[in-house]
Amino acid sequence: MKIEMKGKGDEEADIDRLPVDLLAHIFSLFTSFKDLAQGSGVCRKWRQGVMESLARKESLSFSGWKMDDDSTTRLVHLAYSLKELDISRSRWGCQITDHGLKQLSTAKCIAKLSSISMWGSTGITDKGVVQMISRATSLHHLNIGGTFITDVSLFAIADSCPHLKTIVLWGCRHVTGDGLLALVNKCRKLESINVWGMRVPLDCFIGLLTISPALQIRPKGIVMHDETLHAWPVY
């Protein structure tokens with residue numbers, strides 16, 4: 001479509017005649033957060049279109065994008081319909097801290113999230129995770145692998161996430177059997193738990209299966225092959 005930009009005093013440009021709903025749909029197709037930010041700065045109507053496109057999003061992934069606490073929070077606070085949030089850390093990308101989790105926990109969408117990934121977020125601790133999780137009461141899937149959390153976070157998850165079905169604790173070496181037992185005891189809908197690389201004795205996993213026989217402990221075979229506990233790949 002050819003867009004004619006008219007001068008001052010002429011009729012409005014063709015692009016400015018588009019209704020906000022259509023602008024919001026166009027902006028929803030953008031994959032770059034930088035482009036969205038630039039679009040919102042064009043005029044008030046475009047800003048409204050960007051905001052409405054974010055309000056309709058059910059999934060946001062900041063993995064691989066250069067985002068900090070404040071920029072991530074601004075976008076999530078506009079995403080009222082959000083169900084899936086990925087704030088995983090990458091080498092040059094999203095880097096969330098406890099301050100960011102505290103800010104995110106106040107967003108209206110947090111209570112409705114079904115999935116959160118904080119994979120590899122080494123800047124977060126139990127303090128931030130507990131604040132976030134205490135509001136995310138509808139979670140079905142949680143990836144918190146590659147972080148430095150302890151049993152404190154698992155106790156909070158056990159108390160706040162009764163609908164949890166899967167959790168990834170890959171490499172969470174500060175978590176002990178006490179945290180795992182509390183999690184499985186309270187999260188009765190839990191179907192799968194990834195414990196690769198954790199420093200937990202074999203007896204603990206047997207105890208988890210005693211509580212929940214149908215629980216899938218990944219990687220497969222970990223209970224039968226204790227000697228390969230730290231060497232199996234992630235499934």
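**Briefing: a tryptophan cluster and a helix pair**

W170 is partly exposed, with a relative accessible area of 24% (buried means under 20%, exposed over 50%, partly exposed in between, with a 1.4 Å probe and protein chains only). W119, W170 and W196 form one aromatic cluster. The model is predicted, so local features need pLDDT of at least 70 and side-chain atom pairs pLDDT 80 or more, while totals for chains, interfaces and linings use all residues. Residues are numbered from 1 along each chain, and side-chain values use heavy atoms, without hydrogens and water.

**Aromatic cluster**

- Rings of Phe, Tyr and Trp (its six-membered ring) pair if their centres lie within 6.5 Å; planes under 30 degrees apart are stacked, over 60 edge-to-face, and the rest tilted.
- The count by this rule is 2 aromatic pairs.
- W119 and W170 are a tilted pair, because their ring centres are 5.1 Å apart and their planes stand at 55°.
- W119 is partly exposed, at 31% relative accessibility.
- W170 and W196 are stacked, with 4.9 Å between centres and 10° between planes.
- W170 is in the loop between strand 5 and helix 8, and W196 in the loop between strand 6 (192-194) and helix 9 (202-211), 26 residues apart.
- W196 counts as buried, at 16% relative accessibility.

**Helices 7 and 8**

- Helices (H or I, at least four residues) and strands (E, at least two) are DSSP runs, numbered from the N terminus.
- The axes of helix 7 (residues 151-160) and helix 8 (residues 177-186) come within 8 Å and cross at roughly 5°; axes are lines fitted to C-alpha atoms, for helices over the stretch in contact, and angles run from 0 to 180 degrees between N-to-C directions.
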